[in-house]
Amino acid sequence: MENTSASPGETVRTAYSARAEEYAALFGSMTSTHPSDRALVGSWAATLTGPVLDAGCGPGQWTDFLAACGLAVTGIDLVPEFVEQARRQYPHLRFDVGDFDTLDAATGSLGGVLSWYSLIHHNPQDIRTPLAEFARVIRPGGGLLVGFVEGATVEAFDHAVTPAYRWPVVELGQELATAGFEVLETHTRTKRDHRPHGALTARRLSTR
């Protein structure tokens, strides 16, 4: 019987745990990423100083990419199976099971956070919780890069693993601004038979 009392985070964790090996085989290497995404993340990484967090690291390929860019980076994920895979694949890096709604990091301790498609399963009414946590842990002037599924309106869609949400660039940018970020760049990409892609780079504003 389905556990209808499970929290959203537990639902996402359970869904990905059941398909972690399949997901890693399909998407767990840099060869599965788009060249323009690698260029964007690489150029963003070059602007950062200090420790960086890969929030929702999955099997760890982007964490390793950031480390190769010269950053001190840690990966966290809700899914223990992903963390185990990442530790095996990249034993020189640190990976932890963690929830980025409640990050285990000191206020203002990070130079940046990468959130690559890791917010798509958050209900829109709850999106401010992880964004507020990113704002808390990123020092003023630090960077945030969010990758997401772009759409004309905020709406749910049938993701292969568990339900997810599309966001218009403007509306997600407004949520980042509310959390205390200045949006610097917006990127979109559409391709036949692929979901529209969006990405936002942002800078943490000085706290008042």
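User: Is Tyr-90 buried or exposed?

Analyst: In this predicted model, Tyr-90 counts as buried because its relative accessibility is 10%, and the cut-off for buried is under 20%. Phe-95 is also buried, with a relative accessible area of 2%.

User: How is a pair of aromatic rings described?

Analyst: Two values are used: the distance of the centres and the angle of the planes. The structure holds five aromatic pairs. One of them joins Tyr-90 and Phe-95, with 6.4 Å centre to centre and 40° between the planes, which makes the pair tilted.

User: Which residues do ring pairs link into a cluster?

Analyst: The cluster consists of Trp-62, Phe-65, Trp-116 and Tyr-117, linked by ring pairs. Tyr-117 has a further feature: its phi is near 65°, a positive value in a residue other than glycine.

User: Where is the place of Tyr-117, and what is its relative accessible area?

Analyst: Tyr-117 sits in the loop between β4 and α6. Its relative accessible area is 26%, so Tyr-117 is partly exposed.

User: What does the secondary structure of the chain come to?

Analyst: The chain has seven helices and nine strands. Of its 208 residues, 46% are buried. Among contacts with a separation of 6 or more, 65% are between residues 24 or more positions apart.

User: How should I read the buried residues of a helix?

Analyst: Start with the geometry. An α-helix has 3.6 residues a turn, so residues three or four places apart point the same way. Then look at the list for a given helix. In helix α3 (residues 35–45), the buried residues are Asp-37, Leu-40, Val-41, Gly-42, Trp-44 and Ala-45.

User: What do the buried residues of α3 pack against?

Analyst: Their partners are β1, α4, β4, β5, β8 and β9.

User: Which residues of helix α6 are buried, and what do they pack against?

Analyst: Helix α6 spans residues 128–137, and its buried residues are Pro-130, Leu-131, Glu-133, Phe-134, Ala-135 and Val-137. They pack against the strands β1, β4 (110–116), β5 (138–149), β8 (181–191) and β9 (194–204), and against the helix α7 (169–179).

User: Which residues of the largest nonpolar core touch the most other members?

Analyst: This core has 29 residues, and those touching the most other members are Val-113, Phe-134, Leu-144, Phe-148, Leu-176 and Phe-181. At least two residues each come from β1, β4, α6, β5, β7 (164–166), α7 and β9. Strand β5 supplies the largest share, five residues. Another core lies apart from it, with 15 residues, among them Trp-44, Leu-48, Leu-66 and Leu-145.

User: What is Leu-144 in contact with, leaving aside its neighbours within four places in sequence?

Analyst: With those neighbours left aside, Leu-144 contacts Trp-44, Val-113, Phe-134, Ile-138, Leu-176, Phe-181, Leu-200, Thr-201 and Ala-202.

User: Leu-200 is on that list. Where does Leu-200 lie?

Analyst: Leu-200 is part of strand β9. It counts as buried because its relative accessibility is 0%. Not counting residues up to four places away in sequence, Leu-200 touches Leu-144, Leu-145, Val-146, Phe-148, Val-169, Leu-172, Gly-173, Leu-176, Val-183, Glu-185 and Thr-186. Sequence separation and distance can also be read together: Leu-200 and Gly-147 are 53 residues apart in sequence, with 6.7 Å in space from C-alpha to C-alpha.

User: Where does Thr-63 lie, and why does it count as buried?

Analyst: Thr-63 belongs to helix α4 (residues 61–68). It counts as buried because its relative accessibility is 0%. Neighbours within four places in sequence aside, Thr-63 is in contact with Asp-54, Cys-57, Val-73, Thr-74, Gly-75, Leu-93 and Phe-95.

User: How is empty space found?

Analyst: A probe the size of a water molecule is rolled over the atoms, and this shows where empty space is left. In this structure, the second largest pocket has a volume of about 260 Å³.

User: Which residues lie nearest the centre of the second largest pocket?

Analyst: Leu-53, Thr-74, Ile-76, Asp-96 and Asp-104 lie nearest its centre, out of 15 lining residues. The lining divides into eight nonpolar, three polar and four charged residues. Strands β1 (52–55), β2 (73–77) and β3 (94–97) each supply at least two residues of this lining. The most come from β3, which gives three.

Methods:
Residues are numbered from 1 along each chain as its sequence is written. This is a predicted model: local features need pLDDT of at least 70, side-chain atom pairs count only at pLDDT 80 or more; totals for chains, interfaces and linings use all residues. Side-chain values use heavy atoms; hydrogens and water are left out. Rings of Phe, Tyr and Trp (its six-membered ring) pair if their centres lie within 6.5 Å; planes under 30 degrees apart count as stacked, over 60 as edge-to-face and the rest as tilted. Buried means under 20% relative accessible area, exposed over 50%, partly exposed in between (1.4 Å probe, protein chains only). On a 1 Å grid over the protein atoms alone, a cavity is a set of points where a 1.4 Å probe fits but cannot get out, and a pocket is an open set with protein on both sides within 12 Å along at least five of seven lines; lining residues have an atom within 4 Å of a point. Grid points are joined across faces, edges and corners, and a volume is the space filled by probe spheres set on the points. Helices (H or I, at least four residues) and strands (E, at least two) are DSSP runs, numbered from the N terminus. Ala, Val, Leu, Ile, Met, Phe, Trp, Tyr, Cys and Pro count as nonpolar, Asp, Glu, Lys and Arg as charged, and the others, Gly among them, as polar. Contact means heavy atoms within 4.5 Å. A nonpolar core is a set of buried Ala, Val, Leu, Ile, Met, Phe, Trp, Tyr and Cys residues joined through side-chain atoms within 4.5 Å.
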